[in-house]
Amino acid sequence: MPSSPPQATGPSTTFRNRRADLLLLLATVALALWVTSGLWRDPNTRMITVNSSDQALFEWLLAFGGHAVTHGENPLFTHLINVPDGVNLAVNTSITAYAVVFAPLTYLVGPPATFLVILTLNLAATAVAWYWLLSRHLVTSRLAAGVGALFIAYCPAMVSHANAHLNWTAGWLVPLLVWGVLRLRRPGRAIAGGVVLGVLVAVAFSIAAEGLFFTALAVALFLLVWTLHPARRAEARAALPDFLRGLGVTALVAGVLLAYPLWLHFAGPQRYHGTGFDPLIHSEDIAAYGSYPRRSLAGWAGLGTSLAPNPTEENSFFGIPLLLLAVACFVLLWRRADRAFQATLTALGVTALVFAVLSWGPTAKWNGRRTDQLLPFGVLDNLPVINAALPSRLALVVAPVIGLLLAYALDTLRARPPRHRSTELVWALGFAAALLPLLPTPLLTSIREPVPAFITSGAWQRYVSPGGVLTPLPVTVDLYPDGQRWQAYALAHRQGEFRIPAGFFLGPGGPDGRGRIGPVPRTFSALVDQAGRTGLVPIITDGSIRESRADLHYWGVETVVLADRVHGAKFDVDEEAVRRTATALLGPPERVEDVWLWRVPPA
């Protein structure tokens, strides 16, 4: 592991360093605002176009988490959605730490604005955290640290996940975790270092458990390769006792803080095994590594591709020029490095290659065509915990490795410039050709359907008993997130609680005991979904009427509500077909405020 680089001292050097720090801060804030600029026009009326369902989910999590803490409820399990079974949020992305810390802001400005603030801060803080780690511990050049940090924070994967993923954009956690692990090797730091790292692990688990798992795997692989290198064995052997003591303290602190969340995750109600996503679909196309993402200058120029399963999962997409530059940086560093630093380079190279291959999933895919070639992830996919990971996201480990190589190479070039100006120019052109096409463009945004006045005015309270069940039409799932959007508004504006059937969450019910998105559909939800998708009223029989009413009674629904404008996350919803279907099942509706409403008599 590299030691802290020697830092030049003196008033002029201090001034230059502080100026560089300020420039980095201004640059990352400007880029974060640029990427999210479409939402800043009005966060309450605009949404992210390509992933509005996830945005609605995170807004709901922020509202629910703040409500749970201020009302003394369990923030990791709820019966507000998926009535009557409830949802285990410990096996979902509960972002509990964010929900608690930002609860005052959520109550003040609402979940949509809080979501936007956190998303913007995530991007900016990721660059700041990596810059701090690089400039204070790994390289001497502030320019090198800034280039590496800005690339990691705004690489294609981070910009892609900025499409509503508050968990994956919290990349600032990774350099803090790496720093926490590195400082465990210092003598006398076992207790203090272990406590700090244990707290960091607990925070990371509450925000991005999958990201924490990937970070742990990557750091473990790096350290294994690094310690086995002949040039580092003696140093590793000497540091091992302090390191293990620090890890023991880390495990103890994190274990105490996460005892209940981990029990819920592995043994609690409504848990599941595996994941609700297909690893064959959510695996990285090998050709994607040399392709360009859509939200970049290259994508804007028409060079972007659609090799990812969706626009939020462009986890590699580095482009061929950057891959060539990374190889050139590695060769440059290897030639100029002593044997000790070659151990670091070897560990970085192995880590990047292993995670790149694992990201290709169970079988290889090239340019959209799946082959029968079995890959390592196909063997590991049956292991516990690993079977809950999406293989394509393992490519997220590769970007920081490339960022480190860029920073190390720039640091070396500035410390020992090439002898010929032409060589220096070639390096400058290489960096420009590799990085400029990847400059991010703003996220796509669009106008969101407003929360009905029936909810915002509090009129719903006249039709639902305290803690009673209301369902919007169509029934809330990932494709129809209105129910959780309405619930988030009610919770954040202290209107009280109403519960809803179903919802957007991961829970049991998938094939082979695996998880699935939302509950298993019932007759009523399936009929309304069919009408909303196709615009055609399904054939309604006496049997379907009985089954639909039995479904409503199973959920305990008191009131069924259809807004004039329904948000469909992937397609436009035909509200008229939905209204006619509900009328055929439940009879004529009432008109209340700006919604159609059906009262459901008790069973």
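1. The model is a predicted one, in which local features need pLDDT of at least 70 and side-chain atom pairs count only at pLDDT 80 or more, while totals for chains, interfaces and linings use all residues. Residues are numbered from 1 along each chain as its sequence is written, and side-chain values use heavy atoms, with hydrogens and water left out.

2. Helix H3 covers residues 52–70, and at 1.5 Å a residue its 19 residues should span 27 Å, which agrees with the 27 Å between its end C-alpha atoms; the expected span is 1.5 Å times one less than the number of residues. Helices are DSSP runs of H or I with at least four residues, numbered from the N terminus. Because 17 of the 19 residues of H3 are buried, H3 is largely enclosed by the rest of the structure (buried means under 20% relative accessible area, exposed over 50%, partly exposed in between, with a 1.4 Å probe and protein chains only). Just after H3, glycine 72 takes a positive phi of about 70°.

3. Serine 141 lies in the loop between helix H6 (111–138) and helix H7 (142–153), and counts as buried at 7% relative accessibility. The side chain of serine 141 reaches the backbone nitrogen of alanine 144 at 3.1 Å, and a 3.2 Å polar contact joins the side chains of serine 141 and arginine 414 (a polar contact is a pair of N or O atoms within 3.5 Å; within protein, one must be able to donate a hydrogen and the other to accept it, and residues adjacent in sequence count only if both atoms are side-chain atoms).

4. Tryptophan 40, in helix H2 (residues 37–40), is partly exposed, with a relative accessible area of 39%.

Conventions
Helices (H or I, at least four residues) and strands (E, at least two) are DSSP runs, numbered from the N terminus.
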